[in-house]
Amino acid sequence: MLGEKEVNGILDRLIALLCAERNIQPPRLRAQNKHDCFRALCNVRPPQPASEEFIKLQDTYLRDYAERRGIVDVGGPEFRGAVTVWQGDITRLNADAIVNACNPTLLGCFQPLHDCIDNAIHTAAGVQLRLACDRIMRGGREPNGCVEVTDGYNLPAKYVFHTVGPVAYGGHVNDRCRTELESCYRSCMEEAVKRELSSIAFCCISTGAYGFDAAEACRIATDTVEKTLKETGARLKVIFDVWLDRDRLLYEERLRASGV
C-alpha cells in the first residue's frame with residue numbers, strides 16, 4: 001500500500017487537474033478532506049476523456065484505496081451456497097459482476113458525495129466508467145428492465161451490469177413495476193449466464209429513492225433468480241448485497257423459506 005505522504009501527493013495532483021478542467025483554483029484542504037474533494041469533483045465531471053497523467057494517478061489511488069478498505073473475496077466461507085446474502089458495500093466485492101441500479105442516462109449520479117449506489121460505484125470505478133456509459137448511450141435513455149455491461153475498471157469486480165429499475169411513485173407498486181423489476185433481475189441473470197460468469201452480486205434494485213416496497217422487491221428478486229437458475233442449470237453464485245438490517249432480515253428469511 002502507498003504511504004500517507006504519497007497518497008496526499010497524488011490527491012493534491014488529482015484535485016489540481018480536476019480544478020484546471022473547470023478553470024478554478026484548487027482549495028486548500030486538510031488531509032482528511034482530500035478524498036471527499038476528489039470524489040465530489042469526479043461526481044460532477046462530464047463524460048469526457050482525461051489525460052494520461054490523470055488516469056495513471058487516479059488508477060493508482062483508487063486501487064490503493066480499495067485495498068485499504070478491504071476487498072471481499074466471494075469465494076470465501078461466508079458465501080457458501082448457490083445463493084447468499086451479504087451486508088456491506090458492493091464496491092468491495094470481487095464478484096465477476098456487480099449490478100448497478102442506475103438512472104436512465106446510465107451516466108451515474110452527478111450530485112456530489114451523494115450516498116446512492118450509482119454514485120458509489122462510479123466513484124470506485126473511476127471516470128472511465130462514465131465515459132464508457134456515454135459511449136453506450138450516446139445521449140439516449142435506457143429502458144427499464146434491460147441491462148448494459150461495462151468493465152469494472154478500478155473496482156474489484158470484472159464487470160458492472162447497469163440496469164434501470166421501475167419507480168414506484170408514492171410507494172405505489174403496480175403490475176408494470178413488478179414486471180419491470182422482474183425483468184431487471186432476469187436480464188442480468190441471463191447476461192451472466194451467457195458470459196459464463198461464475199458470480200454476480202445484486203443490490204436491492206428500486207427499493208431506495210425509487211420507492212419499491214422492500215418486502216415485495218425481495219420476493220420478486222429471489223423468485224426470479226431461483227427460476228432462472230433452474231431454467232438454465234447455470235453454476236452461478238448469486239449474492240444479494242444489502243445495506244440495511246431490514247433488507248438483510250428479509251432476504252435471509254426468504255432464502256430460508258425457499259431452500260435455495
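Reply: The largest pocket holds about 890 Å³ of space. Asp115, Cys116, Ile117, Asp118 and Gly208 are the closest to its centre, out of 31 lining residues. The model is predicted, with pLDDT of at least 70 needed for local features and 80 or more for side-chain atom pairs, while totals for chains, interfaces and linings use all residues. Residues are numbered from 1 along each chain as its sequence is written, and side-chain values use heavy atoms, without hydrogens and water.

Me: What is a pocket, and what is a cavity?

Reply: On a 1 Å grid over the protein atoms alone, a cavity is a set of points where a 1.4 Å probe fits but cannot get out; a pocket is an open set with protein on both sides within 12 Å along at least five of seven lines, and lining residues have an atom within 4 Å of a point. Points are joined across faces, edges and corners, and the volume is the space filled by probe spheres set on them.

Me: Which element gives the most to the lining of the largest pocket?

Reply: Helices (H or I, at least four residues) and strands (E, at least two) are DSSP runs, numbered from the N terminus. H4 gives the most, with 3 residues; H4, strand E6 (237-242) and helix H8 (245-258) each supply at least two.
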